[in-house]
Each structure stands twice: as C-alpha cells, then as structure tokens.
Amino acid sequence: MGVGIEIGDMMNKAVITVKPNDSIYKVASTMANTDIGGVVVVQNKEIKGIITEGDIISEIVSKKADPEKIKVSEIMKSPVKTIKKETDLEEAIKLMCNLNIERLPVVNDEGHLIGIVTERDMTKAEPGLIELLREKEAVTAMKTWSEEEVDVTGLCEECGDYSERLTEHNAKLLCSRCKETEF
Ligand SMILES: [Zn+2]
C-alpha cells in the first residue's frame, strides 16, 4: 500500500523547537533567522504544541498584540497531530490534507520528537531525489542554525539518543555528549 516511501526517509531530522514560556518575539526571530514557517513547542521531552507564521499573524500582528509580552503557550495550537517514521508518504499527505495542516512532527515509540515533515518537503519528494535533498538540506540548514541561539531537537546521529540541543559537527547532527568526545 502507499507509494513505498516512509516518512523517516524524507523527514527533516533536525527540528527547531521553542518552549511554552518563550515570548512570541523570540519565536518570530527564530523563524526569521532560520527561514522556516513553523516551530514545535517542546518541554521536558514532550510535544506541547505547534506554532506557525500564520498563528503569529492572526493572533499577534492583526490584533496589534505585543510579541514581547505574549507567550508561546498562549497562542500555540494544541494538541498536535504527530506521525511515526514508518508512516507511508501517501498516508501522511492524506492526513495533512484532511486536517488542513502544513507540517507534521514525527515521533518515535516513546513519543519523542525525532523529525518533521512539511507540505513543501512532500511536494518535492520524488524517489531518488529524496536522499540527495535530505542530506543537502540537513547540512546547509544546520550550518545556518548553529550560528544562532536556536534549540534543535532530534536524534543524535552518533549515539541515537534524543536531544533537545543538537549541533552540527562534520556534517552530522550530534548531542552535546558526542560533540565533546569528537573534539
Ligand atoms: Zn550522541
């Protein structure tokens, strides 16, 4: 069934995350610096919500609210629909269309965030091209992000552990422990 492409093979393995208590100002800066349209809200390894450019426009900009005074928890969408990495691409696309959402966080069996897929990734997804795009994007994206004060959540490519502070080193996403042993 499906198109035979698992979400785990095409997802972005580094997810930009924010915390429920962060200000919308911080979130908007993060989005601007990383050129992404949505971030996942995580606290104590649990996904608490999701917040997009659209939410910021409708809840803050259009209401002339102060982005420095409003917290993420006040306008984030919650609960969040998530998928497993084994999910077929076709099923994921159907889910996104039905729910009218543009991004889906990917979780492991423990419910930890291990990646994210966006509508844009999916429309680009063609067999053969996927691997190439994923490698290229993960690395170039990390190069930009690691210069910023941005939380990147996902699985360490060395030890496989879940980490909320991944950094890029030698084209790999590493947790802080593995990063220290590399140096
Ligand atoms: Zn590690």
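The largest nonpolar core holds 38 residues, and the members that touch the most others are Ile-7, Val-40, Val-41, Val-106 and Val-117. A nonpolar core here is a set of buried Ala, Val, Leu, Ile, Met, Phe, Trp, Tyr and Cys residues joined through C-beta atoms within 7 Å. Buried means 20 or more other C-beta atoms within 10 Å of a residue's own, exposed means 12 or fewer, and partly exposed is in between, with C-beta atoms placed from the backbone.

This is a predicted model, where local features need pLDDT of at least 70, side-chain atom pairs count only at pLDDT 80 or more, and totals for chains, interfaces and linings use all residues. Numbering starts from 1 along each chain as its sequence is written.

Let us look at Val-117 in its surroundings. Beyond its neighbours within four places in sequence, Val-117 is in contact with Ile-7, Met-10, Met-11, Ala-92, Arg-103, Leu-104, Val-106 and Met-122. Contact means that the C-beta atoms of two residues, placed from the backbone, lie within 7 Å.

Now to the sheets. Strands (E, at least two residues) and helices (H or I, at least four) are DSSP runs, numbered from the N terminus, and two strands pair if DSSP finds at least two bridges between them.

| Strand pair | Sense | Bridges | Residues opposite each other |
|---|---|---|---|
| β1 (15-18) and β7 (151-155) | antiparallel | three | Val-15 and Thr-153 |
| β1 and β2 (38-43) | parallel | two | Val-18 and Val-41 |

From β1 the chain crosses through helix α1 (residues 24-34) to β2, a β-α-β crossover that is right-handed. Right-handed means that, with the strands pointing away from the viewer, the path from the first strand over the helix to the second runs clockwise. In β1 itself, Val-15 and Thr-17 point one way, Ile-16 and Val-18 point the other way, and all are buried. In a regular strand, side chains alternate between the two faces of the sheet.

Which residues of α1 are buried? They are Ile-24, Val-27 and Thr-30. Seen down the axis of α1, its buried residues fall within an arc of 120°, so they line one face of the helix; the arc is taken from the directions from the helix axis to the C-beta atoms. These buried residues pack against β1, β2, β3 (46-52), α2 (53-61) and α3 (72-75).

Finally, a few backbone details are worth a look. Most residues other than glycine have a negative phi, and most peptide bonds are trans. Asp-35, in the loop between α1 and β2, has a positive phi near 60°, and it counts as exposed with 9 C-beta neighbours inside 10 Å. Asn-170 has a positive phi of about 50° and sits in the loop between β9 (167-169) and β10 (172-174). The peptide bond from Ser-78 to Pro-79 is cis, with omega near -5°, and Pro-79 is found in the loop between α3 and β4.
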